[in-house]
Amino acid sequence: MRKKIVAGNWKMNKDLHSGRVLTSEISNMVADEVKPDVQVIICAPYIHLTSLGAIIEGRNNIAIGAQNLHQEVSGAYTGEISASMLQSIGINYAIIGHSERREYFGESDALISKKIDQAFENNITPIYCCGETLDIREADNHFAVVNKQISDALFHLSEDQIKQVIIAYEPVWAIGTGKTATAEQAQEMHKNIREHLSNKYSKAAADAISILYGGSCKPDNAKEIFAGADVDGGLIGGASLKSRDFVDICKSF
Ligand code: PGA
């Protein structure tokens, strides 16, 4: 059985105090209300990670993750953070290849594949993001484009490694726009991704991989989207900044 996962992506939001308050609220609500087989991950700004880690210490199904990491091991990369630094403060998850990184920081799948390798070198589970823009969907190229993103960034991995990757399908036109993919659009893309993984690796490997949906996921649409046979949870932006909304999404399986 693959894992059910809900990951929050705070992006560049929350100062330390409000981030700590939000994490405490989520942590307590998760302990009281969320089924223990759901893995909850809070991906926060780098500078908060240690402090937030201390708040959730000892809790079973909640973890703190990063939103990025650098593709090189170490060296003269002013302002950057390496995977080994994250590992040294106890971080086991990182979002890699988010569409905002692709758009605003020029990240390509070739670069992202190096970040994926750094994550594996340092025992960090990558949450690999893929997804098409609106013009690609309108031109009916969305399956081909997403499959190519996955091939280019992930298909150098071994079967053992690919089974550990978390994939987040996030149609760019749905991120922060209030427009969600319908449950049918999410399920058909997730099924396509799983088939693509199965063709390259094996059905067993593809069936082990959690594929999350992201893009304007909210408490009032999460249940319908998560009901898809190939939808194993969500990557949540805006709604992860409110404890009640985020935890309600965590309860939507
Ligand atoms: P959103 O963001 O939920 O605010 O649309 C999702 C994401 O970017 O991961």
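A polar contact is a pair of N or O atoms within 3.5 Å; within protein, one of the two must be able to donate a hydrogen and the other to accept it. The views below show a predicted model.

**View 1. Polar contacts of the Arg-2 side chain.** Arg-2 belongs to the segment that precedes strand S1 (4-9). A polar atom of the Arg-2 side chain lies 3.1 Å from the backbone oxygen of Ala-229. The backbone oxygen of Asp-207 is reached by the Arg-2 side chain at 2.9 Å. With Asp-232 the polar contact is between side chains, at 2.7 Å.

**View 2. Surroundings of Arg-2.** Leaving aside residues up to four places away in sequence, Arg-2 touches Arg-194, Asp-207, Ala-208, Ile-209, Ser-210, Ala-229, Asp-230 and Asp-232. Arg-2 and Asp-232 are separated by 230 residues in sequence, while their C-alpha atoms are 7.8 Å apart in space.

**View 3. The open sheet of eight strands.** The strands follow the order S3-S2-S1-S8-S7-S6-S5-S4, with parallel pairing. From one strand to the next, the twist averages 25°.

**View 4. Pairing of S2 with S3.** Strand S2 (residues 38-43) runs parallel to S3, and four bridges join the two. Ile-41 has Ala-63, in S3, as its bridge partner. In general, strands of a sheet pair through backbone hydrogen bonds, in either a parallel or an antiparallel manner.

**View 5. Helix H9 against the sheet.** Helix H9 (residues 183-200) packs on the sheet. The strands touched by H9 are S5 (125-130), S6 (166-169) and S7 (211-214). The direction of H9 makes about 145° with that of S7.

**View 6. Residues around the ligand.** There are 13 residues around the ligand, and the nearest are Lys-11, His-98, Glu-170, Gly-176 and Ser-216. By class, this shell consists of four nonpolar, seven polar and two charged residues.

View 7. In the side chain of His-98, an N or O atom is 2.7 Å from an oxygen atom of the ligand. Gly-176 places a backbone N or O atom 2.7 Å from a ligand oxygen. For Gly-237, the distance from a backbone N or O atom to an oxygen atom of the ligand is 2.9 Å. The ligand taken alone exposes 280 Å², of which the protein buries 96%.

Key:
Residues are numbered from 1 along each chain as its sequence is written. This is a predicted model: local features need pLDDT of at least 70, side-chain atom pairs count only at pLDDT 80 or more; totals for chains, interfaces and linings use all residues. Side-chain values use heavy atoms; hydrogens and water are left out. Two strands pair if DSSP finds at least two bridges between them. Axes are lines fitted to C-alpha atoms, for helices over the stretch in contact, and angles run from 0 to 180 degrees between N-to-C directions. Contact means heavy atoms within 4.5 Å. A residue is near a molecule or strand if one of its heavy atoms lies within 4 Å of it. Accessible areas come from the Shrake-Rupley method with a 1.4 Å probe; for residues, only the protein chains shown count as cover. Ala, Val, Leu, Ile, Met, Phe, Trp, Tyr, Cys and Pro count as nonpolar, Asp, Glu, Lys and Arg as charged, and the others, Gly among them, as polar.
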